[in-house]
Amino acid sequence: MRTRITGVAAGAVTLAVTLTGCNNSESVKNQGGSETQSADSKSVYRLGEASPPQESTMQKSKGATFTVTPTKVQTGTKAEVDGSGLQLDKSDGPQVPVYVWATLTHKSGAAMTVGDMDDDLVVATDKGQRTKALIVLMGQAKWPNCPASDTEKQLSGGQSAKICNVFLVPEGQKASTVELTQGYYNDPLKWQVKN
(Lines give C-alpha, C1' and ligand atoms only; values in the text may rest on other atoms or scores of the structure.)
Protein backbone atom coordinates (compact mmCIF):
# COMPACT_ATOMS: atom_id res chain seq x y z
CA MET A 1 0.00 0.00 0.00
CA ARG A 2 1.24 3.47 -0.85
CA THR A 3 0.04 6.51 1.03
CA ARG A 4 0.53 9.91 -0.50
CA ILE A 5 0.20 13.27 1.12
CA THR A 6 -0.83 15.25 -1.88
CA GLY A 7 -0.93 18.90 -1.06
CA VAL A 8 -2.01 21.74 1.13
CA ALA A 9 -4.87 23.91 -0.08
CA ALA A 10 -6.57 26.58 1.99
CA GLY A 11 -5.05 25.19 5.16
CA ALA A 12 -6.26 21.62 4.60
CA VAL A 13 -4.04 18.68 3.80
CA THR A 14 -5.22 16.42 1.01
CA LEU A 15 -4.30 12.79 1.40
CA ALA A 16 -4.65 10.44 -1.54
CA VAL A 17 -4.35 6.72 -1.01
CA THR A 18 -3.69 4.42 -3.93
CA LEU A 19 -3.41 0.69 -3.44
CA THR A 20 -1.52 -1.35 -5.99
CA GLY A 21 -0.63 -4.98 -6.20
CA CYS A 22 -0.49 -7.90 -8.51
CA ASN A 23 -2.61 -10.93 -9.11
CA ASN A 24 -0.87 -14.20 -9.84
CA SER A 25 -4.01 -16.17 -10.70
CA GLU A 26 -3.82 -18.60 -13.59
CA SER A 27 -6.44 -19.74 -16.06
CA VAL A 28 -7.44 -23.37 -16.17
CA LYS A 29 -6.78 -24.94 -19.58
CA ASN A 30 -8.17 -28.15 -20.98
CA GLN A 31 -6.03 -30.70 -22.84
CA GLY A 32 -6.44 -28.80 -26.13
CA GLY A 33 -4.90 -25.70 -24.54
CA SER A 34 -8.04 -23.55 -24.58
CA GLU A 35 -9.52 -22.05 -21.44
CA THR A 36 -12.57 -23.72 -19.94
CA GLN A 37 -15.21 -22.19 -17.75
CA SER A 38 -18.50 -23.49 -16.40
CA ALA A 39 -21.57 -21.26 -16.32
CA ASP A 40 -21.44 -21.25 -12.50
CA SER A 41 -17.85 -20.01 -12.43
CA LYS A 42 -18.13 -17.21 -15.01
CA SER A 43 -15.60 -14.56 -14.10
CA VAL A 44 -15.28 -12.40 -17.25
CA TYR A 45 -18.06 -9.99 -18.24
CA ARG A 46 -18.84 -7.24 -20.71
CA LEU A 47 -19.38 -3.67 -19.50
CA GLY A 48 -23.08 -3.38 -18.65
CA GLU A 49 -23.37 -6.95 -17.31
CA ALA A 50 -24.16 -7.28 -13.61
CA SER A 51 -22.01 -9.32 -11.28
CA PRO A 52 -23.56 -12.30 -9.53
CA PRO A 53 -24.91 -11.33 -6.10
CA GLN A 54 -22.06 -10.47 -3.73
CA GLU A 55 -22.42 -11.03 0.01
CA SER A 56 -21.57 -8.24 2.41
CA THR A 57 -18.76 -8.89 4.87
CA MET A 58 -19.46 -5.72 6.85
CA GLN A 59 -20.60 -6.25 10.42
CA LYS A 60 -23.68 -3.99 10.16
CA SER A 61 -24.91 -5.61 6.96
CA LYS A 62 -23.48 -9.12 7.23
CA GLY A 63 -25.30 -11.48 4.86
CA ALA A 64 -26.86 -8.72 2.73
CA THR A 65 -26.37 -9.15 -1.02
CA PHE A 66 -25.77 -6.68 -3.85
CA THR A 67 -24.63 -6.57 -7.47
CA VAL A 68 -22.08 -4.34 -9.21
CA THR A 69 -22.48 -3.35 -12.87
CA PRO A 70 -19.61 -1.34 -14.39
CA THR A 71 -21.15 0.52 -17.32
CA LYS A 72 -18.49 2.86 -18.73
CA VAL A 73 -14.71 3.36 -18.48
CA GLN A 74 -12.90 6.43 -19.77
CA THR A 75 -9.26 7.48 -19.49
CA GLY A 76 -8.62 11.14 -18.74
CA THR A 77 -5.57 13.32 -19.18
CA LYS A 78 -2.69 14.60 -17.06
CA ALA A 79 -4.26 18.08 -17.41
CA GLU A 80 -7.35 16.76 -15.58
CA VAL A 81 -5.14 15.60 -12.69
CA ASP A 82 -3.39 19.00 -12.67
CA GLY A 83 -6.77 20.76 -12.59
CA SER A 84 -8.28 18.47 -9.93
CA GLY A 85 -6.61 20.13 -6.95
CA LEU A 86 -4.44 17.11 -6.10
CA GLN A 87 -0.69 17.32 -5.86
CA LEU A 88 0.80 13.88 -6.34
CA ASP A 89 4.09 12.44 -5.21
CA LYS A 90 6.62 13.33 -7.94
CA SER A 91 8.39 9.97 -7.51
CA ASP A 92 5.34 8.18 -9.01
CA GLY A 93 5.76 10.02 -12.29
CA PRO A 94 2.92 11.51 -14.34
CA GLN A 95 -0.49 10.01 -13.58
CA VAL A 96 -3.78 10.09 -15.50
CA PRO A 97 -7.29 9.41 -14.20
CA VAL A 98 -9.41 6.46 -15.24
CA TYR A 99 -13.10 7.10 -14.63
CA VAL A 100 -15.33 4.10 -13.94
CA TRP A 101 -19.11 4.50 -13.88
CA ALA A 102 -21.09 1.69 -12.26
CA THR A 103 -24.52 0.84 -10.92
CA LEU A 104 -24.73 -0.70 -7.45
CA THR A 105 -27.96 -2.58 -6.66
CA HIS A 106 -29.00 -3.85 -3.24
CA LYS A 107 -30.57 -7.30 -3.59
CA SER A 108 -31.45 -8.60 -0.11
CA GLY A 109 -30.83 -8.36 3.61
CA ALA A 110 -29.87 -5.39 5.76
CA ALA A 111 -29.35 -1.95 4.23
CA MET A 112 -25.83 -1.19 3.01
CA THR A 113 -23.93 2.00 2.27
CA VAL A 114 -22.76 2.81 -1.25
CA GLY A 115 -19.19 2.89 0.10
CA ASP A 116 -19.47 -0.70 1.33
CA MET A 117 -20.62 -1.89 -2.10
CA ASP A 118 -17.91 -0.23 -4.24
CA ASP A 119 -14.97 -0.82 -1.89
CA ASP A 120 -13.61 -3.81 -3.84
CA LEU A 121 -13.40 -2.26 -7.33
CA VAL A 122 -9.96 -2.29 -9.00
CA VAL A 123 -8.67 -1.11 -12.38
CA ALA A 124 -5.99 -3.24 -14.08
CA THR A 125 -3.88 -1.69 -16.84
CA ASP A 126 -2.44 -3.08 -20.06
CA LYS A 127 0.96 -3.12 -18.29
CA GLY A 128 -0.30 -5.29 -15.40
CA GLN A 129 -0.68 -2.62 -12.72
CA ARG A 130 -3.72 -2.91 -10.44
CA THR A 131 -5.06 0.16 -8.60
CA LYS A 132 -7.93 0.75 -6.18
CA ALA A 133 -10.06 3.87 -6.41
CA LEU A 134 -8.57 7.16 -5.28
CA ILE A 135 -9.56 8.12 -1.75
CA VAL A 136 -9.22 11.77 -0.86
CA LEU A 137 -9.21 12.70 2.81
CA MET A 138 -9.43 16.25 4.16
CA GLY A 139 -10.10 18.15 0.99
CA GLN A 140 -11.87 17.57 -2.26
CA ALA A 141 -10.67 16.79 -5.75
CA LYS A 142 -12.80 17.85 -8.71
CA TRP A 143 -13.10 15.77 -11.86
CA PRO A 144 -14.99 16.63 -15.06
CA ASN A 145 -18.25 14.66 -15.42
CA CYS A 146 -17.40 12.43 -12.42
CA PRO A 147 -18.98 13.86 -9.27
CA ALA A 148 -18.02 12.41 -5.89
CA SER A 149 -20.43 9.70 -4.75
CA ASP A 150 -22.32 9.88 -1.46
CA THR A 151 -20.56 6.88 0.08
CA GLU A 152 -22.76 7.04 3.20
CA LYS A 153 -26.03 6.75 1.25
CA GLN A 154 -27.99 3.69 2.43
CA LEU A 155 -29.52 1.30 -0.11
CA SER A 156 -32.00 -1.47 0.64
CA GLY A 157 -34.60 -3.70 -0.99
CA GLY A 158 -33.80 -3.39 -4.71
CA GLN A 159 -32.62 0.23 -4.60
CA SER A 160 -29.77 1.24 -6.93
CA ALA A 161 -27.17 4.01 -7.08
CA LYS A 162 -25.15 5.19 -10.06
CA ILE A 163 -21.58 6.07 -9.09
CA CYS A 164 -18.35 7.26 -10.64
CA ASN A 165 -14.94 6.39 -9.17
CA VAL A 166 -11.54 7.77 -10.13
CA PHE A 167 -8.47 5.55 -10.40
CA LEU A 168 -4.97 6.93 -11.06
CA VAL A 169 -2.65 5.05 -13.43
CA PRO A 170 0.75 5.97 -14.90
CA GLU A 171 0.53 8.16 -18.00
CA GLY A 172 0.83 5.99 -21.12
CA GLN A 173 -0.97 3.00 -19.61
CA LYS A 174 -4.56 2.09 -20.50
CA ALA A 175 -7.26 0.42 -18.44
CA SER A 176 -7.67 -3.18 -19.63
CA THR A 177 -10.18 -4.48 -17.06
CA VAL A 178 -12.35 -3.37 -14.18
CA GLU A 179 -12.18 -5.97 -11.43
CA LEU A 180 -14.26 -6.78 -8.39
CA THR A 181 -12.13 -8.52 -5.79
CA GLN A 182 -13.76 -11.39 -3.91
CA GLY A 183 -11.50 -11.90 -0.93
CA TYR A 184 -8.09 -13.46 -0.60
CA TYR A 185 -8.83 -16.92 -1.97
CA ASN A 186 -11.14 -16.23 -4.92
CA ASP A 187 -10.22 -14.82 -8.31
CA PRO A 188 -11.69 -11.39 -9.07
CA LEU A 189 -14.59 -10.86 -11.44
CA LYS A 190 -13.45 -8.95 -14.55
CA TRP A 191 -15.10 -6.61 -17.03
CA GLN A 192 -13.10 -6.14 -20.24
CA VAL A 193 -12.40 -2.54 -21.31
CA LYS A 194 -12.23 -1.82 -25.04
CA ASN A 195 -9.86 1.04 -25.86
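Two strands are taken as paired if DSSP finds at least two bridges between them. The legends below describe close-up views of a predicted model.

**View 1. Strand β15 and its two partners.** Strand β4 (residues 44-46) pairs with β15 in the parallel sense, and three bridges connect them. In this pairing, Tyr45 is placed opposite Trp191 of β15. Strands β14 and β15 run antiparallel and are joined by four bridges. Here Leu180 is the residue opposite Leu189 of β15.

**View 2. The two faces of β15.** In a regular strand, side chains alternate between the two faces of the sheet. The side chains of β15 follow an alternating arrangement. Leu189 and Trp191 point to one face and are buried.

**View 3. The largest nonpolar core.** This core holds 27 residues, and those with the most contacts inside it are Val73, Val98, Val100, Phe167 and Val178. Elements that give two or more residues to the core are the strands β6 (65-75), β7 (95-108), β9 (121-125), β13 (160-170), β14 (175-180) and β15 (189-192), together with α2 (114-117). The most is given by β7, which supplies five residues.

**View 4. Surroundings of Val178.** Val178 is one of the residues with the most contacts inside the largest nonpolar core. Apart from neighbours within four places in sequence, Val178 is in contact with Pro70, Val73, Val100, Leu121 and Val122, and also with Leu189, Lys190, Trp191 and Val193.

**View 5. Gln54 in strand β5.** Gln54 lies in strand β5 (residues 54-55). Its relative accessible area is 10%, and Gln54 is therefore buried, the cut-off being under 20%. A polar atom of the Gln54 side chain lies 2.9 Å from the backbone oxygen of Pro52. With neighbours within four places in sequence left aside, the contacts of Gln54 are Ala64, Thr65, Phe66, Leu180, Gln182 and Leu189.

**View 6. The salt bridge between Glu179 and Arg130.** Side chains of opposite charge can pair when their charged atoms come close. A search of the whole structure finds three salt bridges. One of them joins Glu179 to Arg130, with the closest N and O atoms 2.6 Å apart. This pair links distant parts of the chain, since Glu179 is in strand β14 and Arg130 is in strand β10 (residues 130-132), 49 residues apart. Both Glu179 and Arg130 are buried.

**View 7. The salt bridge between Asp82 and Lys78.** In this pair the closest N and O atoms are 3.2 Å apart. Asp82 and Lys78 are four residues apart in helix α1 (residues 78-82), so about one helical turn separates them. Asp82 is exposed, with a relative accessible area of 51%. Lys78 is partly exposed, with a relative accessible area of 32%.

**View 8. The salt bridge between Glu49 and Lys42.** Glu49 and Lys42 form a salt bridge in which the closest N and O atoms are 3.1 Å apart. The relative accessible area of Lys42 is 33%, so Lys42 counts as partly exposed.

Conventions. Residues numbered from 1 in each chain as written. Predicted model: local features only at pLDDT ≥ 70, side-chain atom pairs only at ≥ 80, totals over all residues. Heavy atoms only, no water. Core = buried A, V, L, I, M, F, W, Y, C linked by side-chain atoms within 4.5 Å. Buried < 20%, exposed > 50% of the residue type's maximum accessible area, 1.4 Å probe, protein only. Contact = heavy atoms within 4.5 Å. Polar contact = N/O pair within 3.5 Å; in protein donor to acceptor, adjacent residues only side chain to side chain. Salt bridge = Lys/Arg side-chain N within 4 Å of Asp/Glu carboxyl O.
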